[in-house]
Amino acid sequence: MSEETKNVPAPPGPQGPTAESPQVLPILPLRNSVFFPGGVLPLAVGRQKTIALIKDAVRDEKVIGVVTQVRAEDEDPGADGLYTVGTVARIVKLLKMGEDNYSLVVQGISRFRVLEFVQFTPYLEARVELIPEEKPGDDVELEALAINLKKLAREVIEMMPEIPAAATELVESISHPGHLADLIVANIDVSLEEKQRVLEKIDLKERMKLVLELLNRKREILKISSKIDSQVKGEMSKTQREYYLRQQLKAIKEELGELGDDEEEDLEELAERLKKAGLPPEVEKVANKELNRLKTIPTASSEYTVARTYLEWLADLPWQTATEDNLDLENARQVLDADHYDIEKVKKRILEYLAVRKLKNDMRGPILCLVGPPGVGKTSLGQSIARAVGRKFVRLSLGGVRDEAEIRGHRRTYVGALPGRIIQSMKKAGTINPVMMLDEIDKLGSDFRGDPAAALLEVLDPEQNNSFSDHYLDVPYDLSKVMFIATANQLEPIPAPLRDRMEIIELPGYTFDEKMHIAKRHLIPKQLREHGITDEHLELTDAALAKIIVGYTREAGVRNLERRIADVCRAIAVGVASGRTEKRVIDEGDLAEILGPEKFYNEVAERTEITGVATGLAWTPTGGDILFIEATKMPGKGTLTLTGQLGDVMKESAQAALSYVRSKSRSLGIDPSFLEKQDVHIHFPAGAIPKDGPSAGVTIVTALVSLLADIHARGDTAMTGEITLRGQVLPVGGIKEKVLAAHRAGIKRVILPERNRKDIVDVPEQARQELEFVFASHLDEVLTAALDRSPFVPAQAPEVPPTAAEARA
Ligand code: ADP
């Protein structure tokens, strides 16, 4: 039940109050709106009181008074609920829309003021005072105000596109300034109270000023909102425009094969990285030139990729970044001790080395070279040194490097060219002063593709390596801050010029006891950690550990030992992961279940159970090993067959052995014609491994005599030594490794050339204590010591066994 309150632009208003307007008017309360003289207002009427009023008014053809309610929600406003100034109106149209529902249109005539209410039911009636509109007259101020009002109205109308343009014409056509003010204020959205204030302004000038003020405010609001609007729109269209243009640009560039936006951004980023890399001036020049060139190359071309990869390398390499050295020797000692058991001599040498570096205050100087069989801790020593001095650690393997380009890189003109391993490692390190481990420097090869050792010399030469030239980089790179450490299994194959630059530190391998200690203190705790278990889950008994060392591994280092311990840890970890909580104690007897059958038990005794087999000692890059030599005979014509990948020197030494046995056959009780009716075959097991060298001579002779004289070789004895045709025993190399290998394999007696006696001092104390040494200068002594019984026929050999050169060290 509410009155429709939309004002429509009114036709030119009536000519002021009329004489016939009665003094008592029925009062129609108006919600939500203020009705002005000259206006036309459609109303929907639903209130009973209002319906009664309208019916009477229409019947009596009376005018009515329209007054705005103070509060719109007031359902039945009395005298207090209504403003006191309203508009006399004529009903111009009445339509019945339904039961108790009327629609009417009223036209405003003039203002009036309520003096008093004279009736309240069925509808309000009041005695009123009519307020005639002033005649404007010739007032300049009024005229000026009117002109301003019209101008402002036009402006506002223009700013409000929802108002029809005809409204401007309407405003122009109104001549009475009071009507103009009323019309304007009726049609702008100011508050009800303000509209009522305008209605109550009887004085023309005041009314116009008030309307001007309201209109002005409206204009400002409109201006601001349109500004906001246009700003928002402006921003939108600017970014949209840019986006559109960029897309077009991209398409054009793609078409031309030039840099797109993304690429350009990429290049900017690359330029930024190059700036941050701290390139030396001459390198920066090269980089800038290349960068500028890059901008002109089509991205799809391979040249682009080449140039770009090159710049990436320059940006990624460390040029300035360095770690600070910690030259605190006490700290270094602690780190070395924490990581490594024993090897005191080695640690001492390393500490001395660091001390000299500290005193000289530079890291240049001879390069450390750690020499020893695999698994003795060369790599981990390198890592410890890096940790001790607080440097990064990188490792690069030189094993099998034959091509100089692998060290120095390929020139960029090659497709897919890359820097050499040195520069690659520098990138990996990320600092200019890492500890760089050059692994297996003894395995460096050389062939027609150039000599990698020569390149390496340059790397290691402190006079040259501050401007190392890599073919790919093509700019000098400073390696002088790098601390190089080399490793090798053997010393001999290292090219002499390289060897000269290095300070050699030897790590010969470990004895059984040392291995026990290393395992207990380092390897087991380390492997427990790596498998996520603790000593709460696993205990390895000493007996089990000993069995792993003796029965499952045979090596100078501890690499396989560590692997077997890892196997055990893994097996336990699986149990823990699946819910086992109680501790597992692994004893000797449990090993087979986890590691499979033992690999090395009783081998010597077993092998020598037949005649013709003797145990030799060989030096190998992995630290020395025992080696069986098997001789067999078969009917034939006296040919000698040798198998087991032998080198020439070894073959010759087998020939010499056979010749010696033939020449001595009579005194050895062997039928001298044995070679006329039989073939002899000597086999060196582990046939896949190449063997060479003269040091198996004494063993071959022993195997042959054992075979032909049918006497067992002793199961507890191993031997090494070169022979001459006359039966002299000559010294050989690798005594320390060979003796340790014998010790590891459970050998009790070792026969060595007399002239190697001096080398025994190098053998670790423990092995020396536990082994019996026989030093021989002639084969007779060897054979006597190596065979179960003396092979010499009584005529030559006295009853008492010879004790000639037997000795205990
Ligand atoms: P290499 O480089 O000589 O072949 P590694 O440095 O790889 O040998 O050593 C193999 C494993 O043996 C490493 O886990 C290392 O920590 C351990 N190891 C070697 N020697 C010792 C030692 N004296 N004390 C403690 N752990 C050692």
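Glu440 is partly exposed, at 29% relative accessible area (partly exposed sits between buried, under 20%, and exposed, over 50%, using a 1.4 Å probe and protein chains only). Its phi is positive, about 55 degrees, even though Glu440 is not a glycine. You'll find Glu440 in the loop between β9 (435-439) and α15 (452-460); helices (H or I, at least four residues) and strands (E, at least two) are DSSP runs numbered from the N terminus.

Gln645 is another non-glycine with a positive phi, about 50 degrees. Gln645 is in the loop between β18 (640-643) and α22 (648-663), and is partly exposed with a relative accessible area of 44%. For context, most residues other than glycine have a negative phi, and most peptide bonds are trans.

## Ground rules

This is a predicted model, so local features need pLDDT of at least 70 and side-chain atom pairs count only at pLDDT 80 or more, while totals for chains, interfaces and linings use all residues. Residues are numbered from 1 along each chain as its sequence is written, and side-chain values use heavy atoms, with hydrogens and water left out.

## A cis proline

The peptide bond from Thr121 to Pro122 is cis, with omega near -5 degrees. Pro122 belongs to the loop between β5 (101-119) and β6 (125-131).

## How α2 and α3 pack

The axes of α2 (residues 140-159) and α3 (residues 166-173) come within 10 Å and cross at roughly 175 degrees. Axes here are lines fitted to C-alpha atoms, for helices over the stretch in contact, and angles run from 0 to 180 degrees between N-to-C directions. So α2 and α3 are roughly antiparallel (over 145 degrees; under 35 is roughly parallel, 65 to 115 roughly perpendicular, the rest oblique).

On the α2 side, Lys150, Ala153, Arg154 and Ile157 meet Ala167, Thr168, Val171 and Glu172 of α3, where contact means heavy atoms within 4.5 Å. By class, that contact has four nonpolar, one polar and three charged residues (nonpolar: Ala, Val, Leu, Ile, Met, Phe, Trp, Tyr, Cys, Pro; charged: Asp, Glu, Lys, Arg; polar: the others, Gly among them).

## The second largest pocket

The second largest pocket has a volume of about 610 Å³. Its lining has 26 residues, and Gly377, Ser380, Leu523, Lys526 and Glu562 are the closest to its centre. On a 1 Å grid over the protein atoms alone, a pocket is an open set of points with protein on both sides within 12 Å along at least five of seven lines, and lining residues have an atom within 4 Å of a point. Points are joined across faces, edges and corners, and volume is the space filled by probe spheres set on them.

At least two lining residues come from each of α10 (329-339), α12 (378-389), α17 (512-530) and α19 (559-577). By class, the lining has eight nonpolar, eight polar and 10 charged residues.

Note on methods. On a 1 Å grid over the protein atoms alone, a cavity is a set of points where a 1.4 Å probe fits but cannot get out, and a pocket is an open set with protein on both sides within 12 Å along at least five of seven lines; lining residues have an atom within 4 Å of a point.
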